[in-house]
Amino acid sequence: MNQGDFPSLEKVLNETEEELWTRDEFTEQLKAVGSSFYHDKHPFHVAMHKGKLSREQIRGWVANRYYYQISVPIKDAAILSRLPSRDMRREWIGRIIDHDGTQGEEGGIEAWLRLGEAVGLSREEVTQEVRVVPGVRFAVDAYVNFARTKPWIEAVASSLTELFSPDLMSKRIKILERLYPWIDRAGLEYFQNRLSQAPRDADTALRLVLTYCQTPNDQRRAVAALRFKCDVLWAQLDAIENAYPLYE
């Protein structure tokens, strides 16, 4: 599906009289969002995967993405607090542990800090957020607010970018190793971990969305929520590219 063929958010939300999609049709509509709007198509991301980013640009990306990493468990805690059953909460809480870690077992945030060190940033420089630009902060905060204020099933649907991330992570590991040999490979643990975590998380979220979106309007709002999340990721890269221009 080309971007021009994809319905606008306003159209998606107003089409309440459409027929209910089958589970397969609904799944394809969700996947089509990634085909058209996932951030792997952003110019900054494309340049990264072609080996064209400088060390300073890579460091800027890592430092800014850290703000997103530390906000993910906050977002998931907001969703967790609103899930209507114990079984759902038992599944969802693993996401928070994956990022925050537990006593004696560090999580994704610690792995991202090690990535920062691997690209030449000090831990203090990353954790003090001195490089985080306003556009990144605004986009990430908007995502956390979305999870806090929207119906829980829409917040769950917004997390379905995990459907698209394993393939991206697999490619990213190989590209960083091959095209950016100056990065310490020990710092790539975060991406390795997500190869198993993201599919598990995506399966859980997709099952909930397919089960609890029972009307055409529910389904279209779920698609819109996923589109919103793609916009958040895209906006982050817009802000990073503005701070670290590809072409000067």
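**Entry 1: the nonpolar core**

Of its 78 residues, F26, W61, V156, F191 and V209 touch the most other members. Helix α4 (residues 55-80) supplies the largest share of this core, 12 residues. I took helices (H or I, at least four residues) from DSSP runs, numbered from the N terminus. In soluble globular proteins, nonpolar side chains tend to be buried together.

I then listed the contacts of F26, where contact means heavy atoms within 4.5 Å. Leaving aside neighbours within four places in sequence, F26 is in contact with W21, V209, L210, C213, Q219, A222 and V223.

**Entry 2: conventions**

I noted that residues are numbered from 1 along each chain as its sequence is written, and that side-chain values use heavy atoms, with hydrogens and water left out. This is a predicted model, in which local features need pLDDT of at least 70 and side-chain atom pairs count only at pLDDT 80 or more, while totals for chains, interfaces and linings use all residues.

**Entry 3: cysteines**

I searched for disulfides, each a pair of cysteine sulfur atoms within 2.5 Å. The count comes to zero. C213 is in no disulfide, and the nearest cysteine sulfur, that of C230, is 16 Å away. I recorded both residues as buried (under 20% relative accessible area; exposed is over 50%, and partly exposed lies in between, with a 1.4 Å probe and protein chains only). The relative accessible area is 4% for C213 and 1% for C230.

**Entry 4: cavities**

Rolling a probe the size of a water molecule over the atoms shows where empty space is left. On a 1 Å grid over the protein atoms alone, a cavity is a set of points where a 1.4 Å probe fits but cannot get out, and a pocket is an open set with protein on both sides within 12 Å along at least five of seven lines; lining residues have an atom within 4 Å of a point. Grid points are joined across faces, edges and corners, and a volume is the space filled by probe spheres set on the points.

I found two cavities of 30 Å³ or more. The largest cavity holds about 250 Å³ of space. Of the 23 residues that line this cavity, R65, Y68, E162, R194 and K229 are the closest to its centre. Helix α4 gives the most to that lining, with six residues.

The second largest cavity holds about 50 Å³. Its lining consists of H39, W61, R65, L233, Q236, L237 and I240. The largest share of this lining, four residues, comes from α12.

The largest pocket has a volume of about 170 Å³. Of its 15 lining residues, D98, E106, G107, G108 and Q197 are the closest to the centre. I noted that α11 supplies the largest share of the lining, five residues.

D201 lies in helix α11 (residues 189-212). D201 is buried, with a relative accessible area of 5%. Not counting residues up to four places away in sequence, D201 touches R95, D98, E162 and R194.

**Entry 5: two distances**

The C-alpha atoms of Q29 and R220 are 191 residues apart along the chain and separated by 9.0 Å. L176 and V223 are 47 residues apart in sequence and 32 Å apart in space, C-alpha to C-alpha.

Definitions and conventions:
Helices (H or I, at least four residues) and strands (E, at least two) are DSSP runs, numbered from the N terminus. A nonpolar core is a set of buried Ala, Val, Leu, Ile, Met, Phe, Trp, Tyr and Cys residues joined through side-chain atoms within 4.5 Å.
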